[in-house]
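Subject: Structure handover

Dear colleague,

Please find the structure below. My notes on aromatic rings and the ligand follow it.

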Amino acid sequence: MNDSPQADALIEKILQAARGTFEIFGMYLGVRLGYYQALGEIGPATAAELAARTKTNERYAREWLEQQTVAGFLHVDNESAAENHRRYQLPQPYKEVLADQESVNYLGALPVILAGAVYPLRAVTNAYQTGGGVPYKDYGIDLVEGQAGMNRAMFLNELANKWLPAISGVHRRLLEDPPARVADVGTGAGWSSIAIAKGYPKAIVDGFDLDEPSIDMAQRNARAAGVDDRVTFSVRDAADPKFAGRYDLVAAFECIHDMSDPVRALKAMRNLAGANGTVLVVDERVGESFSAAKNDIDWMMYGWSILHCLPVGMADKPSAETGTVMRPDTLRRYASAAGFKSVDILPIENYFFRFYRLNP
Ligand SMILES: C[S@@+](CC[C@H](N)C(=O)[O-])C[C@H]1O[C@@H](n2cnc3c(N)ncnc32)[C@H](O)[C@@H]1O
């Protein structure tokens, strides 16, 4: 047997990845079963106490508590006690990451969206052979809820407080009378629409998405947020040429790269904005060009792309076959084909997103 340092390094990398995979899906159980939430509320607990609080099975709860402790997510107070007397706790600084959906540091949605991304893995494998795609709905509710949870806190904290105020004409118009109208295409579970309505108390927001479960969820979210008098949601294809209306702001958050026909969607957005409205596309901050050099955003976005965004975008034919890694030049090409004269990249800082204004 050859003892190659490169092979050793690869083996180490793969084993670390397996470790990470177990940790992610252990987190999935903790989020979905309400274990982190419960531990955050009741403090150090035995397996029996956690099981009672969450209405789950004690034997499973104990196995999970032990796994989480070994993985470094929980602390055990009395390690050498008998197994049914051991008390486990969620360290205080971990609460916002694992149990506080309102925090921008919340990552409890990540295992949920990852579970969604691999849900139709065999169909995805098949698509690689046939050149077909996998419809968004086949990724199930984990994908929809995970996507919503990943962006919720960022939208609620930053969209109306930081991003839109940095686009001066838009910010001013959203504050003025008569009330500004906003179209949010590919809104998903609606958090971007809700964030705009909360931040701009006069604005009227229409959110659109192709996916019915997402729109149902968006409607529930708007009601719970108390903005359903100014925010409406409907199932609608952004690329529908009959899409009509007049809006001061037409925005698409993290969805143009998912669309089978992004040019038609951008054309529809141009029509909705008319001569005076603003078209804003917010999409992944991937590198300007392909490079083998380590780039954390490309590394992550290629992961989403191979499993989810590219197969989803290839489900309807003909397809632009974009994928998550939509580089600025690709968007410029789509925008030009949709009739826009130019594209500005706005100087708004965000680790994941790049902000494009498309000029008619
Ligand atoms: C990655 S999710 C983003 C959702 C939301 N904007 C967010 O940032 O959380 C992409 C969304 O685009 C929607 N979508 C894809 N193609 C669409 C189309 N042609 N028309 C309307 N929505 C579309 C999907 O249903 C999905 O909800």
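Is Trp163 buried or exposed? Trp163 has a relative accessible area of 1%, so Trp163 is buried (under 20% is buried, over 50% exposed and in between partly exposed, with a 1.4 Å probe and protein chains only).

Before the rest, the ground rules. This is a predicted model, in which local features need pLDDT of at least 70 and side-chain atom pairs count only at pLDDT 80 or more, while totals for chains, interfaces and linings use all residues. Residues are numbered from 1 along each chain as its sequence is written, and side-chain values use heavy atoms, with hydrogens and water left out.

Aromatic pairs

The whole structure holds nine aromatic pairs (rings of Phe, Tyr and Trp, the last by its six-membered ring, with centres within 6.5 Å; planes under 30 degrees apart are stacked, over 60 edge-to-face, the rest tilted). One of them joins Tyr35 and Trp64, which is tilted because the planes meet at 45°, with the centres 4.7 Å apart. Tyr35 belongs to helix α2 (residues 35-42) and Trp64 to helix α4 (residues 58-70), 29 residues apart (helices, H or I of at least four residues, and strands, E of at least two, are DSSP runs numbered from the N terminus). Both count as buried, Tyr35 at 2% and Trp64 at 5% relative accessibility.

Trp163 pairs with Phe353: the centres are 6.0 Å apart and the planes stand at 80°, so this pair is edge-to-face. Ring pairs tie Trp163 and Phe353 into a cluster with Phe155, Phe253 and Phe355.

The ligand

The ligand is surrounded by 18 residues, and Phe253 is among the closest, along with Gly186, Asp209, Asp237 and Ala238 (a residue counts if one of its heavy atoms lies within 4 Å). Helix α8 gives the largest share of this shell, three residues.

As for individual atoms, a polar side-chain atom of Asn151 is 2.9 Å from a ligand oxygen atom. A polar side-chain atom of Asp237 is 2.8 Å from a ligand nitrogen atom, and a backbone N or O atom of Leu210 is 3.3 Å from a ligand nitrogen atom. The protein covers 93% of the 590 Å² of accessible area that the ligand has on its own (Shrake-Rupley method, 1.4 Å probe).

Regards

Methods. Polar contact = N/O pair within 3.5 Å; in protein donor to acceptor, adjacent residues only side chain to side chain.
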